[in-house]
Amino acid sequence: MEEAMSAPVAIVTGSAKGIGLSTARELASRGYQVVVSDLDASAAEVAAKEIDGAIAVPCDVRDEDQVRALVAATTDHHGRLDLMVPNAGIGIVAPILDTDLAQWREVTSVNLDGVFLSLRWAAPAIIASGGGSIVSIASVSGTTGTPLIASYAAAKAAVINLTKTAAMELRDHGVRVNAVAPGFIGTDLVNDAAPEFERLLGLPEGGFGPVIEAKQGRFGDPEDVARAVAFLADAQQSWVTGSILTLDGGITSSLI
Ligand SMILES: NC(=O)c1ccc[n+]([C@@H]2O[C@H](COP(=O)([O-])OP(=O)(O)OC[C@H]3O[C@@H](n4cnc5c(N)ncnc54)[C@H](O)[C@@H]3O)[C@@H](O)[C@H]2O)c1
């Protein structure tokens, strides 16, 4: 008799809220056993409790020991790892000439180092499980210049290149590596940044949202991103690797 295949296992970093939480929910609805991981340990616990079959494992993705421990806790608990979603991210709104090195490093340590570490330590566990995939959350900011968020945009551009390079290095080990590049999504990341964008762009209070809505049609929902992650992770997409799936309501498709 054939051995029954156990449910696939996924880690989503930064999944206590926002896009990560929606992705954790979407993956669980598709039969994954999800590890909800976040810097905010108590929020991760709360989030995991409401997702079928999920467990919470706290992790600061800037810290290599914590990322290694996250992967080890997952394989200890579930015996395998099929999917890593490096999602944790932060942003600082500041013109380049007002950005100091500490701020630059604060953003790139989460948004780039954190993705590198997540990929670096998940890949061996995925290979040991017989193959799977990694789907990072990049951004349209990584494909086009984005004034006032240089550190964020540069980190996302690097994530896009890391995705393509890792795709080639890991293909023959059975690990597909892809990323999504969303436009503006209505999460705390954007809502908290809006007043500073408004101040620096000379927009009235509450003026940032309509500008983005005009360019994108609407704000994206976290669920839009979650479905795109699930699409790329699906084993049926076995030839899709090194791809960057843009979902942005067209904001990067037009000059006017
Ligand atoms: N919101 C958008 O418009 C948008 C667009 C494109 C890409 N993204 C990307 O999507 C990802 C999720 O963003 P979001 O909008 O859901 O943000 P969010 O602020 O709603 O959630 C981010 C989560 O990451 C966690 N986190 C922060 N630093 C961490 C660290 N060092 N280690 C572990 N967890 C940490 C936070 O605690 C939080 O739970 C980020 O990578 C972001 O850059 C967002």
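A crossing of two helices is called left-handed if the near helix is turned anticlockwise from the far one by less than a right angle, and right-handed if clockwise. By this convention the crossing of H4 and H5 is right-handed; helices (H or I, at least four residues) and strands (E, at least two) are DSSP runs, numbered from the N terminus. The model is a predicted one, in which local features need pLDDT of at least 70 and side-chain atom pairs count only at pLDDT 80 or more, while totals for chains, interfaces and linings use all residues. Residues are numbered from 1 along each chain as its sequence is written, and side-chain values use heavy atoms, with hydrogens and water left out.

**Packing of H4 and H5**

- H4 and H5 pack at an angle of about 15°, with their axes 8 Å apart; axes are lines fitted to C-alpha atoms, for helices over the stretch in contact, and angles run from 0 to 180 degrees between N-to-C directions.
- This angle makes H4 roughly parallel to H5, given that angles under 35 degrees count as roughly parallel, over 145 as roughly antiparallel, 65 to 115 as roughly perpendicular and the rest as oblique.
- On the H4 side the contact (heavy atoms within 4.5 Å) includes Trp104, Val107, Thr108 and Asn111, and on the H5 side it includes Ala150, Ser151, Tyr152 and Lys156.
- The residues of this contact of H4 with H5 comprise 17 nonpolar, three polar and one charged; Ala, Val, Leu, Ile, Met, Phe, Trp, Tyr, Cys and Pro count as nonpolar, Asp, Glu, Lys and Arg as charged, and the others, Gly among them, as polar.

**Packing of H3 and H4**

- The axes of H3 (residues 64–78) and H4 come within 9 Å and cross at roughly 30°.
- That angle makes H3 roughly parallel to H4, and H3 passes H4 in a right-handed crossing.
- From H3, the residues Glu64, Val67, Arg68, Val71 and Thr75 meet Leu117, Ser118, Trp121, Ala122 and Ala125 of H4.
- By class, the contact of H3 with H4 has six nonpolar, two polar and two charged residues.

**Packing of H1 and H8**

- H1 (residues 18–29) packs against H8 (residues 222–233) at an angle of about 50°, with the axes 8 Å apart.
- H1 and H8 are therefore oblique to each other, and their crossing is right-handed.
- H1 contributes Gly18, Ile19, Ser22, Thr23, Glu26 and Leu27 to the contact, while H8 contributes Pro222, Glu223, Val225, Ala226, Arg227, Val229 and Ala230.
- Seven nonpolar, three polar and three charged residues make up the contact of H1 with H8.

**Cavity and pocket**

- On a 1 Å grid over the protein atoms alone, a cavity is a set of points where a 1.4 Å probe fits but cannot get out, and a pocket is an open set with protein on both sides within 12 Å along at least five of seven lines; lining residues have an atom within 4 Å of a point.
- Grid points are joined across faces, edges and corners, and a volume is the space filled by probe spheres set on the points.
- One cavity of 30 Å³ or more is found in a search of the whole structure, and the largest cavity holds about 40 Å³ of space.
- The lining of the largest cavity consists of Ile92, Ala94, Thr99, Gln103, Trp104, Val107, Leu148, Ala150 and Ser151.
- H4 (101–128) and H5 (150–170) each supply at least two residues of this lining, and H4 gives the most, with three residues.
- The lining of the second largest pocket divides into six nonpolar, five polar and three charged residues.

**Surroundings of Ile251**

- Ile251 lies in the segment after strand S7 (244–247).
- Apart from its neighbours within four places in sequence, Ile251 is in contact with Phe184, Lys215 and Gln216.
- The C-alpha atoms of Ile251 and Ile212 are separated by 8.5 Å, and these residues are 39 residues apart along the chain.
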